[in-house]
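Please read each point with the coordinates open.

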Amino acid sequence: MKPLLSIVIPAYNNARRLPLALIDLDRHLATVSVPTELFVVNDGSDDGTAALLKPFCAAMRTLTALDAPEHRGTGAAVRIGMVTARGSWRLTAFTPNALVPDLLDQLLSTISRTEAPALIAFNTQSSGIAGAVAAGGSWLRSVPAWVLLGIPRSVRATPFLCASAEIAE
């Protein structure tokens with residue numbers, strides 16, 4: 001079954017931060033009633049991130065580890081994950097520990113009410129998701145999301161972008 005949501009986490013030297021984040025994500029994704037998949041893209045880490053991911057992939061049915069051939073930066077790692085993902089919606093989580101259950105539940109609720117193609121940019125606030133939605137076609141790819149959506153600088157600090165498959169590809 002095609003996943004509704006693909007989560008892409010770029011990782012560069014994140015061996016210390018990833019284990020707890022992956023355990024928490026796995027526990028929560030097991031309770032979600034929609035199909036999901038999770039990708040961690042190792043961006044040429046030299047701290048053991050790649051080796052750490054192997055047992056997690058064996059234990060987590062939704063996790064796939066992808067390896068960039070060399071460290072090329074977050075954008076390149078995100079691109080690898082986005083083009084590999086199969087979900088109707090694709091979430092980029094630059095800070096894996098910030099993907100808390102309430103946030104994922106609110107996001108799933110938001111995407112179930114949003115028609116594709118669309119781009120959702122948001123951050124976490126004490127009151128939940130704060131952000132904006134833009135609808136449109138391929139022209140969205142050529143405009144920086146923060147400019148397009150008019151999101152204030154304060155919101156940009158915790159970047160989460162969720163794009164429909166049409167835009168992510």
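1. Throughout this note, a contact means heavy atoms within 4.5 Å. Helices (H or I, at least four residues) and strands (E, at least two) are DSSP runs, numbered from the N terminus. The model is a predicted one, in which local features need pLDDT of at least 70 and side-chain atom pairs count only at pLDDT 80 or more, while totals for chains, interfaces and linings use all residues. Residues are numbered from 1 along each chain as its sequence is written, and side-chain values use heavy atoms, with hydrogens and water left out.

2. On the overall architecture, the chain holds six helices and seven strands, and from the N terminus on its elements follow the order β-α-β-α-β-α-β-α-β-β-α-β-α. Of the 169 residues, 49% are buried, where buried means under 20% relative accessible area, exposed over 50% and partly exposed in between (1.4 Å probe, protein chains only). Among contacts between residues at least 6 apart in sequence, 74% join residues at least 24 apart.

3. Turning to helix packing, α1 (residues 18-29) meets α4 (residues 101-112) through L25, H28 and L29 on the α1 side and P101, L104 and D105 on the α4 side. The residues of this contact divide into four nonpolar, one polar and one charged; here Ala, Val, Leu, Ile, Met, Phe, Trp, Tyr, Cys and Pro count as nonpolar, Asp, Glu, Lys and Arg as charged, and the others, Gly among them, as polar. The axes of α1 and α4 lie 10 Å apart at an angle of about 45°, which makes α1 oblique to α4. Axes are lines fitted to C-alpha atoms, for helices over the stretch in contact, with angles running from 0 to 180 degrees between N-to-C directions; angles under 35 degrees count as roughly parallel, over 145 as roughly antiparallel, 65 to 115 as roughly perpendicular and the rest as oblique. The crossing of α1 and α4 is right-handed, a crossing being right-handed if the near helix is turned clockwise from the far one by less than a right angle, and left-handed if anticlockwise.

4. How does α1 pack against α2 (residues 49-59), and at what angle? The angle is about 25°, with the axes 11 Å apart, and the two helices are therefore roughly parallel to each other. α1 passes α2 in a right-handed crossing. L18, P19, L22 and I23 of α1 make the contact with T49, L52, L53 and F56 of α2, a set that comprises seven nonpolar, one polar and no charged residues.

5. N42 deserves a separate look. This residue belongs to strand β2 (residues 36-42) and, at 4% relative accessibility, counts as buried. The side chains of N42 and S45 are joined by a polar contact of 2.6 Å, that is, a pair of N or O atoms within 3.5 Å of which, within protein, one must be able to donate a hydrogen and the other to accept it, residues adjacent in sequence counting only if both atoms are side-chain atoms. Leaving aside neighbours within four places in sequence, N42 is in contact with A11, T49, A50, L53, L66, D67 and A68.

6. Two further residues can be checked. A118, in strand β5 (residues 118-125), is buried with a relative accessible area of 0%, and its C-alpha lies 9.6 Å from that of A168, 50 residues apart in sequence. N13, found in the loop between β1 (5-11) and α1, has a positive phi of about 50° although it is not a glycine, and N13 is partly exposed at 29% relative accessible area.
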